[in-house]
Amino acid sequence: MRILKKVFIILAVLIAIPLIIALFVKKDYVVEREIVINKPKSEVFDYIKLLKNQDHFSKWATMDPQMSKTYKGTDGTVGFISAWNSDNDDVGVGEQEIKNIEEGERIDYEIRFLKPFEATSPAFMSTQAINEQQTKVTWGFSGHMAYPFNLMMLFMDFEK
């Protein structure tokens, strides 16, 4: 009976430690990237507002060039949805919807991950003229991982 009690205590401690650590791990995350493109702002914005064009520059699209894609609506307009389906768990299944467009300035999206996990994250792309022939594009998204799943934040590298 004493051995069983010790085993139970050890198991309880092993379970409790990660749960306690998770109390102190951040739950929200933000990822932003920027690049300077040697083209006028209007030309860059007109290109990036089309979700289908993301296949030419998106890191996500290059992770599985064989993923299937479907589209709903008119590309470059609010409500357009680009959906993907991949057998690669790093890519999974999901969709991206244009939620708002500030013409020439910013596009807001909602990214919905469906598999291998469910999550919804707001995202955006914005343009800023550096000069007549250079445009800074900023891309970003944010999200939230509820306790105790936020413990995974210790093992996720958003820089990659």
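**Ground rules.** I am working from a predicted model, where local features need pLDDT of at least 70, side-chain atom pairs count only at pLDDT 80 or more, and totals for chains, interfaces and linings use all residues. Residues are numbered from 1 along each chain as its sequence is written, and side-chain values use heavy atoms, with hydrogens and water left out.

**The sheet.** I looked up the strand order first. Seven strands make an open sheet, E1-E7-E6-E5-E4-E3-E2, with antiparallel pairing. Helices (H or I, at least four residues) and strands (E, at least two) are DSSP runs, numbered from the N terminus; two strands pair if DSSP finds at least two bridges between them. At the edges I found E1 (28-37) and E2 (68-72), each of which pairs on one side only. On average, neighbouring strands are turned by 20 degrees against each other, direction ignored. For such angles, axes are lines fitted to C-alpha atoms, for helices over the stretch in contact, and angles run from 0 to 180 degrees between N-to-C directions.

**Bridges.** I then went along the pairs.
- E1 and E7 run antiparallel and are joined by ten bridges; isoleucine 37 stands opposite threonine 135 in E7.
- E6 and E7 share eight bridges, again antiparallel, and phenylalanine 124 has glycine 140 in E7 as its bridge partner. Two residues link E6 to E7 in a hairpin.
- E4 and E5 are antiparallel with nine bridges, and asparagine 100 is partnered by aspartate 108 in E5.
- E3 (residues 81-85) pairs with E4 (residues 93-102) in the antiparallel sense over five bridges; serine 82 has glutamine 96 in E4 as its partner.

**Strand E4.** How enclosed is E4 by the rest of the structure? It is largely enclosed, because seven of its ten residues are buried. Buried means under 20% relative accessible area, exposed over 50%, partly exposed in between (1.4 Å probe, protein chains only).

Three residues separate E4 from E5 in their hairpin, and glycine 104 in the turn has a positive phi of about 80 degrees. Glutamate 103 also lies in the loop between E4 and E5. Leaving aside residues up to four places away in sequence, I found glutamate 103 touching Phe45, Asp46 and Lys49, where contact means heavy atoms within 4.5 Å. Its C-alpha atom is separated by 26 Å from that of lysine 69, 34 residues apart along the chain.

**The largest pocket.** Which residues lie nearest its centre? They are Lys59, Trp60, Phe113, Trp139 and Phe141, out of 49 lining residues. Elements giving two or more residues to the lining are E1, H2, H3 (59-63), E3, E5, E6 and E7. E1 gives the most, with six residues. A pocket here is an open set of points on a 1 Å grid over the protein atoms alone, where a 1.4 Å probe fits, with protein on both sides within 12 Å along at least five of seven lines; lining residues have an atom within 4 Å of a point.
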